[in-house]
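Welcome to this short tour. Open your viewer, have the selection tool ready, and follow along stop by stop.

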Amino acid sequence: MEDTMSEDSASETRDKVVRLLDYEATCPDCGVSVGEEHKFDPDDGGCDIAICIMTGLQRLMCDLDHDCGREKWTGWRPGLTECEEFGWLLAPGWPDIPRLYTEAVWDPQKCRWVKPT
């Protein structure tokens, strides 16, 4: 039996963007829902995905002398929405995170990456 696609389904497949990282209702590391603060355990550091709200970088790796704050899970991996907004993609749906970290500036008041002015 021959596998055939209708013109509409072929067009829909072509137009669908394949995303490296898609929306997730819960954090894939600590399991909190959208709008909840990432879990933090002083003994093991907590969630691998949580960021330091002062630097924008991974909270677990922050060794600066400040309060890293408690970031909330948005449903999107850190930096993904900014890369898409700035057009910094390696391919459709594939964020260029290294470029984000080297060219953008973290704004702790907005708790997001911004393009330098």
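Predicted model: local features only at pLDDT ≥ 70, side-chain atom pairs only at ≥ 80, totals over all residues.

Residues are numbered from 1 along each chain as its sequence is written, and side-chain values use heavy atoms, with hydrogens and water left out.

**Stop 1: the whole protein**

Show the cartoon view. Following the sequence, the pattern reads α-α-β-β-α-β-β. Of the 117 residues in the protein, 29% are buried.

**Stop 2**

How many salt bridges does a search of the whole structure find? There are 4 salt bridges, each being a side-chain nitrogen of Lys or Arg within 4 Å of a carboxyl oxygen of Asp or Glu. Select Arg77 and Glu24, which form a salt bridge with their closest N and O atoms 3.4 Å apart. Both Arg77 and Glu24 lie in the loop between helix 1 and helix 2, so this pair ties together parts that are 53 residues apart in sequence. Glu24 has a relative accessible area of 24%, so Glu24 is partly exposed. Arg77 is partly exposed too, at 27% relative accessibility.

**Stop 3: another pair in that loop**

Now select Arg70 and Glu37, a salt bridge whose closest N and O atoms are 3.9 Å apart. Arg70 and Glu37 lie in the loop between helix 1 and helix 2, so they tie together parts that are 33 residues apart in sequence. Arg70 is partly exposed at 37%, and Glu37 is partly exposed at 38%.

**Stop 4**

Move to helix 3 (residues 97-103), where Arg99 and Glu103 sit 4 residues apart, about one turn of the helix. Their side chains meet in a salt bridge, 3.2 Å from N to O. Arg99 has 30% relative accessibility and counts as partly exposed, as does Glu103 with 37%.

**Stop 5: a negative patch**

Select Asp29, Asp41, Asp43, Asp44 and Asp48 together: they form a negative surface patch. Patches are made of residues with over 30% relative accessible area and no salt bridge, with like charges joined within 9 Å and nonpolar side chains (Val, Leu, Ile, Met, Phe, Trp, Tyr) within 5 Å. Asp29 lies in the loop between helix 1 (7-15) and helix 2 (80-86). With 38% relative accessibility, Asp29 counts as partly exposed.

**Stop 6: the cysteines**

How many disulfides does a search of the whole structure find? There are 0 disulfides, a disulfide being a pair of cysteine sulfur atoms within 2.5 Å. Select Cys62: the closest cysteine sulfur, in Cys68, is 3.7 Å from its own sulfur, too far for a bond.

Finish at Cys111, in the loop between strand 3 (105-107) and strand 4 (112-114). The closest cysteine sulfur to that of Cys111 is in Cys52, 9.1 Å away, so the two are too far apart for a bond. Cys111 is partly exposed at 34% relative accessibility. Check its backbone as well: phi of Cys111 is near 55°, a positive value in a residue other than glycine.

Key. Areas by Shrake-Rupley, 256 points an atom, 1.4 Å probe, with all protein chains shown as cover. Lys, Arg positive; Asp, Glu negative; His and termini not counted. Charge placed at Lys NZ, Arg CZ, Asp CG, Glu CD. Helix = DSSP H or I, 4+ residues; strand = E, 2+ residues; numbered from the N terminus. Buried < 20%, exposed > 50% of the residue type's maximum accessible area, 1.4 Å probe, protein only.
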